[in-house]
Amino acid sequence: MSKSLLQILKDKSLVSEEDIKEVQKTIKEKGGNTGELLVNKKIITETQLLEALSVLYDIPFWHKLPVDHISNDFTRKVSIQFLKKYIMVPLANDGKVVDGPGSIIAINDPVGLQAIDDLVRILGFDDYKVVLSTKDSITSAINISYDISRDSAQQLVQNMEENGSITISLEDTADLLDDTSNAPIIKLVNHIISQSIKARASDIHIEPYQNSFKVRYRVDGILYDLLSPSMGIQPALISRIKVMAKMNIAEKRLPQDGRFEVKIGGQSIDVRVSTIPSSFGERLVLRLLNKSGSLLRLTEIGLSHERLVLLENLVRSPNGIILVTGPTGSGKTTTLYAILSSINTPDINIITIEDPIEYQIKGISQMQVNPKINLTFALGLRSIVRQDPDVILIGEIRDKETAEIAVHSALTGHLVFSTLHTNDSASAITRLVDIGIEPFLISSSVMAVAAQRLIRVLCSYCKEASEPDYIALEGLGVIPDKFKDGKIYKAKGCEKCFNTGYKDRMAIFEIMVLNSHLKSLILKTYDSNRIKNEALNQNMITLRQDGIQKVLDGITTIEEVLRITQR
């Protein structure tokens, strides 16, 4: 079989004689599977292997599985662990997918005949068709099936209210979809988290009021109601989350912070929990960070070509400070990670100090702030400058000491990146002076300040062309004639975007480069209005102007730009 597989791959010009000899030598010394070895050594891709196996065994290869045709009937008969172990999933065939039998079994390993026979026997299939598919496609189909089969959050709440008994388990689960616990509160918490992740939520809010409490989640910057259970469930729900986050469940008078990690369908989610006491009980916010997500490249964060070139030139400077400003949750850290990834080469020493470390970047040393042991930004930064860095990333400049070390580092030959919480780029200068940095040091060290916001992107499935709303245009301060030839779109809503009309977000930017005119002005005044007016005279594009261009490009709506950039 191995020889035949290698021959097929050789006929497709996917492996060379050297590759074959290397694989055969490894199998002889250590054993193993030919196909897996070729994929692990990155000689071929998984898709190329499956295409070859399709020829070898005469089994059709489906790169993507038709998830719309998944039937979740089998989830009550077969455990999710069994299907994940043997990487297979049954699909229902209603005649629209393929002619032939009513049942289809997608597999990844055509040699695992015993597992297929067991699945067929358990499900009682008389007539079925086997297809090959990738591990990711099969795992995704398994997760969708078991997610659909779970009770809805409202059903879980109703069951808990009817039964009147709530139990709390202290055991964690490796994968939320693998959790087989029957405790209603555990099922409810797992469901809330899994549904929030499925909806791409960034935060979950648990908010108590006088006669009720709400569970809401934030998707693309907007809060939506998820659930409104009765007050009787509140203590158990909050206690369960506090147990998961290893917090003190008996302490309800003081704010607490904690964290835990969950896995759902192969995704690793870091959950940071914050509690505060309120008039009607503890209020919780869970911040969800998908650590399995890939980092964005500099070309993907929303910059126009001209400003992408400008930023690329700035980040390749040998020294100086580049600041990214904006409110919490505006994507500042994502932008800085994209910048670091673009300049991350073996000949540069990059060190970061962050709170928290959101993504691990290969080839970069990252330090986590830890106030419990007095490891602050300032203290960590003092140690970093003795580590011979070329580039330093400071998660946030919060105090005078951190700002002074950052300025000193920039003046002694280091390139420094950091963030500030200000409304626009000009206000960053005022903020630094307020912290205690002298204007002459700011003009000597700061090269540029980029302000940013996140705007929601129109759903590509349901957006539709429309006439411009001239009242909204006046609100933006835009001459309507500018939109005369451009095509304007509006949000409609469909099941793909949870009927919001928007899916995902994109950044809009305002980049203020400190040229000689601005540096001279900063030495005279740190009034943000005067600095901004001078920057506008130097042809700086504002956040609103960048947003208007995104409207003209059909990326977002006038209403969205107006919402984000309202003064």
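Q: A salt bridge is a side-chain nitrogen of Lys or Arg within 4 Å of a carboxyl oxygen of Asp or Glu; which residues are linked in a network of salt bridges?
A: R259, E261, D270 and R272 are the linked residues. By this rule, the count of salt bridges comes to 26. Keep in mind that this is a predicted model, where local features need pLDDT of at least 70 and side-chain atom pairs count only at pLDDT 80 or more, while totals for chains, interfaces and linings use all residues. Residues are numbered from 1 along each chain as its sequence is written, and side-chain values use heavy atoms, leaving out hydrogens and water.

Q: How do you know that E261 and R259 form a salt bridge?
A: Their closest N and O atoms are 4.0 Å apart, and the rule takes anything within 4 Å, so the pair counts.

Q: Are E261 and R259 buried, exposed or partly exposed?
A: Buried means under 20% relative accessible area, exposed means over 50%, and partly exposed is in between (1.4 Å probe, protein chains only). E261 has 40%, so call it partly exposed. R259, at 37%, is partly exposed too.

Q: Why is the pair Y337 and Y359 called edge-to-face?
A: Rings of Phe, Tyr and Trp (its six-membered ring) pair if their centres lie within 6.5 Å; planes under 30 degrees apart are stacked, over 60 edge-to-face, and the rest tilted. Here the ring centres are 5.9 Å apart and the planes stand at 75°, so edge-to-face it is. Y337 sits in helix α12 (residues 332-343) and Y359 in the loop between β11 (350-354) and β12 (365-368), 22 residues apart. Y337 and Y359 are both buried. The structure holds two aromatic pairs.

Q: How do you know that the charged end of R456 sits over the ring of Y502?
A: The test asks for NZ of Lys or CZ of Arg within 6 Å of the ring centre and within 35 degrees of the ring normal. The charged end of R456 is 4.0 Å from the centre of the Y502 ring. K463 does likewise over Y489, at 4.5 Å from the ring centre.

Q: What makes β6 and β7 the edge strands?
A: Two strands pair if DSSP finds at least two bridges between them. Six strands form an open, antiparallel sheet in the order β6-β5-β4-β9-β8-β7. β6 (222-227) and β7 (256-264) each pair on one side only. Strand β5 (residues 213-219) and β6 share five bridges, with R216 standing opposite D225.

Q: How do you know that E207 is buried?
A: E207, in strand β4 (residues 201-208), has 2% relative accessibility, so it falls under the cut-off. Its side chain joins those of Y209 and R283 in polar contacts of 2.8 Å each. A polar contact is a pair of N or O atoms within 3.5 Å; within protein, one must be able to donate a hydrogen and the other to accept it, and residues adjacent in sequence count only if both atoms are side-chain atoms.

Q: What makes β15 a mostly covered strand?
A: In β15 (residues 446-458), 13 of its 13 residues are buried. Five bridges join it in parallel to strand β10 (residues 320-325), where T325 has A451 of β15 as its bridge partner. Another 10 bridges join β15 to β18, running antiparallel, and R453 has I508 of β18 as its bridge partner.

Q: What makes helix α20 mostly covered?
A: In α20 (residues 543-552), eight of its 10 residues are buried, among them L543, I548 and L552. G554 follows α20, with a positive phi near 75°.

Note on methods:
Helix = DSSP H or I, 4+ residues; strand = E, 2+ residues; numbered from the N terminus.
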